[in-house]
Each structure stands twice: as structure tokens, then as C-alpha cells.
Amino acid sequence: MSDRPILRVHHIVKSFGTVLAVNDVSFDVRPGEIFAFLGPNGAGKTTTIKMLTTLLRPTTGSLELDGLDVTMHPTEVRKRFGVVFQDPSLDGELTAWENMDIHGVLYHVARHARRARCEVLLRMFELYERRDDLVKTFSGGMKRRLEIARGLLHTPRVLFLDEPTLGLDPQSRNQMWTHVRNLRATEGVTVFLTTHYMDEADRVADRIAVIDHGRIVATGSSAELKQQTGTDSLEAAFLALTGTTIRDESATAADQMRQVARVWRR
Amino acid sequence: MNVVFVLWLREVKKYLRSRVQIVASLGGPLMYLGVLGFGLGPVFQRAGEGSYLQFMAPGVIGMAVLFTAMFSGIAMLWDRQFGFLKETLVAPVPRLAIMIGRTLGGATVAVLQGTLIFVVTLIAGFRPVSVLTVPLAFLLIALIAVVFAALATAIGSTIKEMQGFQMVMNFLVMPIFFLSAAIYPLEGLPRVLAALTRVDPLTYGVDGMRGLLTGRAHFGVAFDVAVLVAVGVLFVAAGAWRFSKIEA
């Protein structure tokens, strides 16, 4: 692994009015790493991803992706990452292939390369047989896989996954993580993901940043976090670090709506 | 350029696939044409104004174009709620290209819908005075489509909630339709109504079509076209500006 971090986040703060969503967060992600942001709903995970993906500007602080300042060079940065948002962003009225193809055009992938790449990725994510079906007929797990395949189409350096397994059944979840782990081997891509499932962070991520109330409380591998807190499970480590368990019950109204919308659109 | 094309194509494909929606969208114009056209026909005739069907057919075509164009722009709310908008906003392409592609797509769909209604009016008995002016009438249809698709883009970029859609339909689209010259003549209106009809862009669209298809324009076709082009430029600029301000 090379020394230069692929992502460098330096003292970023994001406030919405008087609310501090992200409060002085700093971390580095190394090339090829699977890096997880672990924290409860409302901890600032999605806000951080939005800043890293140029959708929000940080109030203060700096962000670098592949050596490029994110706020200064948004277009160059956009070419270098793929993203799967928490809310699905596929067009259900189009086929899987068409969704992929539009993405390829938006990212200036030349026609030949586009066709080849669409095929490779759809096969990799086991969607090739369904390529000409409308996306609205897909299951939740298939949609997520299609989104990841689409996010990889332009061979990004970094893939952002915001709660990729939210709303999926356990089988689809397992399958999803198998795919994500394989990506490093097949695509050599760095993966930055957020989750509030501790077992998933534990199993998948090389390193984990625990975030709570907009602040990073600890960073390290699962083993390091356990050692640091003198606990034997990530769950206990999390409890020791934040003083709480993951507060699923305190999901915001928006989160709940999102869940409902997802189930609905299966 | 590819970006504009692919987003344009997306709108058109979605329209052509939504068969049920196409059939459903014929309901409104058919009702106006059937009920008003034939119901008010005798009164109109007795008032010495000639055939009401001839008079209102361009108005009904204008209505179909207005509704479809506004609807396609407002569909952005849907895209925002259900995500596809974000996919385009994080792409390494200028926002202007995205906005133009979407708006032209919406306008194209509105022209297709207008064409469909044109055919329906012909079946109902509408007879344009000359075949030669029909292609020119399509220029008017296209202008109306662009004006309202751009307006809808501006509105769709500004309001965030789905509930806003109902507001727009009730307080904007319906008034635009009723205040245009679609279903009554512009001559001899009370002063307030006359003034309101003149700030409604659809008035000029319908008047221009009426001039070309029935030889009866209030303002004159050239004037109508000039007004629509000016309003179109204004609305496209407004749409582009609002679209550039969208925050995800």
C-alpha cells in the first residue's frame, strides 16, 4: 500500500443553523482499505458522506480525495468516486441496462468501454440475466447490487456506501458483504462505508471510526478498538467508547419514512 | 452534448412506456372537447361566433401541452424524493446540461401529447382552414411546451415536498388554463379579466395556434410568437438558475 492517503479529512465542521452535525472530524483512509464509519442514526455519518461527495460544503475544515481538494475541484473529484446513497437513486421506469448506460454517459465513459464494463459488472453482481427488466420489478437486494455495480462503472478510486444494507434481509446482507469484500480483489477500489450494525463493521472493515454526536470517539481496527477499551466484543467496545448502545429506537422520523418507502418500493 | 441527449431520451422513453398514463391523460382534454365543445356549441353559434368546436380545439391542444409540460417538470419532485436526481447531481457534468436535457425532454413529451390531442380534435370534427399552416402550428406547440417545461423546472427545483405539487396544480396550472383564451374569446372581456389574460403566456400560445389553424388571431401570430420566445428565454434562464441552486 502506498503512503499517501486516498482520503484525507482534516478538522471538518458542518453546522446547520445552530445544530452541529459534524464537529471537528479528522481521519485518513489508505488506498485499498475498507473503512467503516460506525455510529447511531443522527451521528453525522450521512452528512460526512455528503461533504465527501461534493453535495454539501463543510462549514470549516478541508477534505482531500486522491490528493485533490474536494471543495476546490468538485468536477475532478466526482470522476474519481462512486457513491451509493442511503436512499435509492435508480430510475425504476428504466431497465437495469439503461440505468447503467446513462451513468456511463454522465461519466464520459466511451461507448465501447461502456458496453464491456456494463456487462462485466452486471455479471459480477449477478444481474446480467435481468438486464432488460425494469428496475421497479427488482427486489431490494437486487436494487442495491445494481446501485453498487453502477457506482463502479467509471472505475472510481473510492466507493462510498451509505448504509448499504439498511432495509435488506439477512441473506441479501450477507451477499452484499461478500460482493463488497470481493471488490478489493477485482477492482482494487477503496471502500468507505457507513453502518450502524456493529457485527457488519466488525466483519467487513479493515479499520473502523466510531462516531457519535458528530465527533469521532475512536479509530482503529476491530481488534485495536477492543484492546483499547479492554473489551472482548465490538459491541462492548462501542458501549465503553460512547456510553450508549446503538440507539436504534431514536431513529428520526425521516429514517422511519425512508424504511417505509423502501419496503413499499420492493 | 451526449449528456443532454441521454437525459432527453430518458424522458421520452419513460413517456412512451407509460401507456396507461397516456390514455388517462386523454381524459381531461376529451371532456373539455366533448362536454364544453358540444354543450356550449349552440349558444356560441347563436351569439354569431360560428362553430365552438373550431374555436376551442386550439385551446384544448394548448391545454394538453400545458398540463404535460408542467407535469414532466414537476416529476423532478419525484426524482428528488426517490433519488435519481442525486445520481445526476454528483456526476462530473455541468448542471446546465442536466437542466437542459430534462427540460427539453419534458417539452418533447408535451409536444407528443399535443400531437395526440390534435389528432383527437380532428376526429371530433375540427377542420384547420389550411394544411399549409399546420406545420407552423407545431412551432407554436413547441414554444408553449418549452415555456412551461422550463417554468416547471424552475418550480420543481424550488419546492421540495410532494405536497407542493397539489399547490402548483391548483394555484398555477388551472389558473393558467382558465385565464388563457383557450375556452372563451378575448374580445369584450371585463377589464380585470382582460388584464389577467394578457399576463398569461398560454394566451399567446393559443391565440397564435388559433390564428394559424382557424385564421382568427386576436394579437396576430407574429406578436404571439415574439411574446412566447421572450417568455421562453426568461423561463429557461430562471429554470437554469433555480436548478443550479438545488442542494441535495
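Trainee: In this predicted model, how many residues does helix 3 of chain B have, and what does it reach from its first C-alpha to its last?

Mentor: One reads a helix by setting its span against the expected one. Helix 3 of chain B, residues 27-39, has 13 residues and reaches 17 Å from its first C-alpha to its last, which is close to the 18 Å expected at 1.5 Å a residue.

Trainee: Which residues of helix 3 of chain B are buried, and which are exposed?

Mentor: The buried residues of this helix are B:P29, B:L33 and B:G37. Seen down the axis of helix 3 of chain B, these buried residues fall within an arc of 35 degrees, so they line one face of the helix. On the other side of helix 3 of chain B, the exposed residues are B:G27, B:M31, B:G34, B:V35 and B:G39.

Trainee: What covers the buried residues of helix 3 of chain B?

Mentor: The cover includes three helices of chain B, namely helix 4 (41-46), helix 5 (52-81) and helix 7 (95-124).

Trainee: Which residues have the most contacts inside the largest nonpolar core?

Mentor: As a general idea, in soluble globular proteins nonpolar side chains tend to be buried together. Here the largest nonpolar core has 148 residues, and those with the most contacts inside it are A:F160, B:L66, B:A69, B:I144, B:A145, B:V147 and B:F148. Helix 5 of chain B gives the largest share of this core, 19 residues. As for B:V147, leaving aside its neighbours within four places in sequence, it is in contact with B:P201, B:L228, B:V231, B:G232 and B:F235.

Trainee: Why does A:I34 count as buried?

Mentor: Burial is read from a count of neighbours, and A:I34 counts as buried because it has 23 C-beta neighbours inside 10 Å. A:I34 lies in strand 3 (residues 34-38) of chain A, and beyond its neighbours within four places in sequence it is in contact with A:R184, A:V191, A:V204, A:A205 and A:D206.

Trainee: How many residues does each chain bring to the contact?

Mentor: Chain A brings 20 residues and chain B brings 19 residues. On the side of chain A that touches chain B, the elements giving two or more residues are helix 2 (74-80) and helix 3 (96-106) of chain A, and the residues of that side divide into ten nonpolar, four polar and six charged.

Trainee: What scores does the model carry?

Mentor: Where pLDDT is low, the predicted coordinates should not be read in detail. Chain B averages a pLDDT of 90, with 100% of the residues scoring at least 70, while the model scores ipTM 0.85 and pTM 0.85.

How values were computed: Residues numbered from 1 in each chain as written. Chains lettered and ligands numbered in written order. Predicted model: local features only at pLDDT ≥ 70, side-chain atom pairs only at ≥ 80, totals over all residues. Contact = placed C-beta atoms within 7 Å. Helix = DSSP H or I, 4+ residues; strand = E, 2+ residues; numbered from the N terminus. Nonpolar A, V, L, I, M, F, W, Y, C, P; charged D, E, K, R; others polar. Expected span 1.5 Å × (residues − 1). Buried ≥ 20, exposed ≤ 12 C-beta atoms within 10 Å, placed from the backbone. Arc of directions from axis to C-beta. Core = buried A, V, L, I, M, F, W, Y, C linked by C-beta atoms within 7 Å. pLDDT = per-residue confidence, 0-100.
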